[in-house]
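Subject: Structure handover

Hello,

Please find the structure below, followed by notes on what was found in it. Keep the view open while reading.

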Amino acid sequence: MLELIILAGLAAIVLYQLYAVLGRRVGRQPEDSPAVPATATPIERASETGQQAEAAEGVALSGLAAVKATDPSFDVSRFLGGAKGAYEMIVKAFAAGDRTQLRSLLAPPVMAGFDTAIAAREAENRTETVEFNHPPRADLEKAEVVGSDLARVTVRFLAEFRSRTKGPEGEGVEDRRTAELWTFERHLKSRDPNWLLIHVDAAEA
């Protein structure tokens with residue numbers, strides 16, 4: 001009987017020690033950090049992770065994190081969808097020589113360059129129309145905030161379209177494949193939701 005009492009006491013001591021060890025929180029727990037939604041895109045996941053780290057360290061935000069911090073409603077997918085629509089509108093308006101539509105989409109320096117090219121084409125008595133084979137591909141290349149709220153976002157476009165031209169020598173049809181970097185700009189705190197094209201660069205396909 002005495003042996004049973006001793007064994008029971010030892011078992012109680014061992015169980016207490018196991019509880020003391022296993023019941024503790026050791027290291028960083030999953031719930032210590034806010035989870036990134038499983039539905040977030042890779043770009044948004046990277047942005048959220050970087051934003052949390054930089055905010056924790058007291059470092060100024062940059063890139064896409066800075067854009068979203070200045071304008072929490074900024075959505076990458078929605079922006080790229082709008083950028084693709086703007087790309088098609090601008091290319092078609094340039095081909096048609098529609099200066100009125102271009103002025104609402106381009107910054108003055110870019111508009112000046114487009115206007116010069118349109119005037120040269122008109123002087124040669126040429127006309128052009130453009131038909132897209134399918135919607136262009138748009139990928140986010142770079143994002144930044146200049147000053148307090150001036151956002152600049154660069155998008156890489158890959159597009160295929162058919163150009164039909166008419167001139168003194170006759171008509172011509174050309175299938176083109178382009179790769180370009182377009183940079184858009186907007187004051188995020190402005191009530192005007194429109195982004196203006198401020199720069200165009202060639203890009204590798």
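A salt bridge here is a side-chain nitrogen of Lys or Arg within 4 Å of a carboxyl oxygen of Asp or Glu. For charge, Lys and Arg count as positive and Asp and Glu as negative, while His and the chain ends are not counted. Buried means under 20% relative accessible area, exposed means over 50%, and partly exposed is in between (1.4 Å probe, protein chains only).

This is a predicted model, in which local features need pLDDT of at least 70 and side-chain atom pairs count only at pLDDT 80 or more, while totals for chains, interfaces and linings use all residues. Residues are numbered from 1 along each chain as its sequence is written, and side-chain values use heavy atoms, with hydrogens and water left out.

Overview

The protein chain has six helices and five strands. Helices (H or I, at least four residues) and strands (E, at least two) are DSSP runs, numbered from the N terminus. Their order from the N terminus is α-α-α-α-α-α-β-β-β-β-β. Of the 205 residues, 28% count as buried.

Asp149

Asp149 sits in the loop between strand 2 (137-146) and strand 3 (150-167). Asp149 is buried but has no salt bridge; the nearest side chain of opposite charge is that of Lys189, 5.8 Å away. What does the side chain of Asp149 make a polar contact with? Its partner is the side chain of His187, at 3.2 Å. A polar contact is a pair of N or O atoms within 3.5 Å; within protein, one must be able to donate a hydrogen and the other to accept it, and residues adjacent in sequence count only if both atoms are side-chain atoms. A polar atom of the Asp149 side chain also lies 3.2 Å from the backbone nitrogen of Lys189.

Helix 6

Helix 6 (residues 108-123) has 16 residues and reaches 22 Å from its first C-alpha to its last, close to the 22 Å expected at 1.5 Å a residue. That expected span is 1.5 Å times one less than the number of residues. The buried residues of helix 6 are Val110, Met111, Phe114, Ile118 and Arg121. They cover an arc of only 95° around the axis, so they are on the same side of helix 6. The arc is that of the directions from the helix axis to the C-beta atoms. On the other side, Pro108, Pro109, Thr116 and Ala123 are exposed.

Just after helix 6, Asn125 takes a positive phi of about 60°, although Asn125 is not a glycine. Asn125 counts as exposed because its relative accessibility is 60%.

Salt bridges

The whole structure contains 15 salt bridges. In one of them, the side chains of Arg99 and Glu122 meet at 3.1 Å, N to O. Arg99 lies in helix 5 and Glu122 in helix 6, so the pair ties together parts that are 23 residues apart in sequence. Glu124 forms another with Arg126, with the closest N and O atoms 2.8 Å apart.

Asp175

Asp175 lies in strand 4 (residues 170-187). Asp175 counts as partly exposed because its relative accessibility is 49%. Leaving aside neighbours within four places in sequence, Asp175 is in contact (heavy atoms within 4.5 Å) with Phe161 and Arg162. The side chains of Asp175 and Arg162 are joined by a polar contact of 2.7 Å.

Regards
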